[in-house]
Amino acid sequence: MTASTDLNTLTGFFDRYGVALTAGDLPAIAGCYALPGLVVADTYSFSFNSPAAVALSFVGAAPDYTERELVAAHADIEQVQQVSALLVEVAVRWEFLDSQGRQVPGERYRYLLRSTGEGPAICTVVRTG
């Protein structure tokens with residue numbers, strides 16, 4: 001097994017992740033992560049060691065998406081870099097659609113993904129803008 005740099009595979013993964021995010025599907029979000037996992041931003045970092053901890057870290061996201069009337073998320077993959085045999089780093093700019101069909105710009109992130117038997121899984125997320 002090797003890390004996939006195939007855009008179709010990565011796009012499919014981020015499409016599933018985006019649907020889970022905007023739907024507030026906490027088990028599906030947790031299923032996108034390798035454990036342990038890490039999230040890093042300018043002013044905080046946190047790690048999680050269980051699917052329940054991943055889900056708990058996203059509890060506040062669903063109401064935010066609902067309040068902002070965001071109904072769909074699209075990951076624009078800007079860069080893919082193979083890091084090792086099983087790791088790939090992916091730079092993503094998120095774009096959203098609101099309930100009126102308007103595009104809403106999102107943030108940029110770098111994801112370190114590990115290839116698993118079920119496909120890519122997020123090991124580390126770094127917010128970049």
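Biologist: Why is the pair Glu-78 and Arg-108 called a salt bridge?

Modeller: The closest N and O atoms of Glu-78 and Arg-108 are 2.8 Å apart. A salt bridge needs a side-chain nitrogen of Lys or Arg within 4 Å of a carboxyl oxygen of Asp or Glu. The 2.8 Å passes that cut-off, so the name applies.

Biologist: What are the ground rules here?

Modeller: This is a predicted model: local features need pLDDT of at least 70, side-chain atom pairs count only at pLDDT 80 or more, and totals for chains, interfaces and linings use all residues. Numbering starts from 1 along each chain as its sequence is written, and side-chain values use heavy atoms, with hydrogens and water left out.

Biologist: What makes Arg-93 and Glu-78 a salt bridge?

Modeller: Their side chains meet at 3.4 Å, N to O. Arg-93 is in strand 4 and Glu-78 in strand 3, 15 residues apart, and again distant parts of the chain are linked. The value is within 4 Å, so the pair qualifies.

Biologist: How do you know whether Glu-78 is buried, partly exposed or exposed?

Modeller: Its relative accessibility is 39%. Buried means under 20% relative accessible area, exposed means over 50%, and partly exposed is in between (1.4 Å probe, protein chains only). Glu-78 is therefore partly exposed. Arg-93, at 24%, is partly exposed too. So is Arg-108, at 36%.

Biologist: What makes Arg-127 and Glu-107 a salt bridge?

Modeller: The N to O value is 3.6 Å. Arg-127 lies in strand 6 and Glu-107 in strand 5, 20 residues apart, and the pair links distant parts of the chain. Since 3.6 Å is within 4 Å, the pair counts. Arg-127 is partly exposed at 39%, and Glu-107 is partly exposed at 27%.

Biologist: How do you know that strand 5 and strand 6 pair?

Modeller: Pairing requires that DSSP finds at least two bridges between two strands. Strand 5 (residues 103-116) and strand 6 (residues 119-127) are joined by 8 bridges, so they pair. They run antiparallel. They form a hairpin with 2 residues between them. Arg-114 stands opposite Ala-121 in strand 6. Leu-112 has Thr-124 of strand 6 as its bridge partner.

Biologist: In what sense do strand 1 and strand 6 pair?

Modeller: Parallel, over 4 bridges. Here Leu-38 stands opposite Thr-124 in strand 6.

Biologist: What makes strand 2 and strand 3 edge strands?

Modeller: The open sheet has 6 strands in the order 2-1-6-5-4-3, with mixed pairing. Strand 2 (45-48) and strand 3 (70-82) each pair on one side only.

Biologist: Why is Ile-122 called buried?

Modeller: Its relative accessibility is 0%, under the buried limit, so Ile-122 counts as buried. It is found in strand 6. Beyond neighbours within four places in sequence, its contacts (heavy atoms within 4.5 Å) include Phe-13, Tyr-17 and Leu-112. Strand 6 has 7 of its 9 residues buried, so it is largely enclosed by the rest of the structure.

Biologist: Why is the protein chain called as compact as a globular protein of its length?

Modeller: The chain has 4 helices and 6 strands. Its radius of gyration, taken over C-alpha atoms, is 14 Å; the globule rule (2.2 Å times the number of residues to the power 0.38) gives 14 Å for 129 residues, so the description holds. Buried residues make up 35% of the 129.
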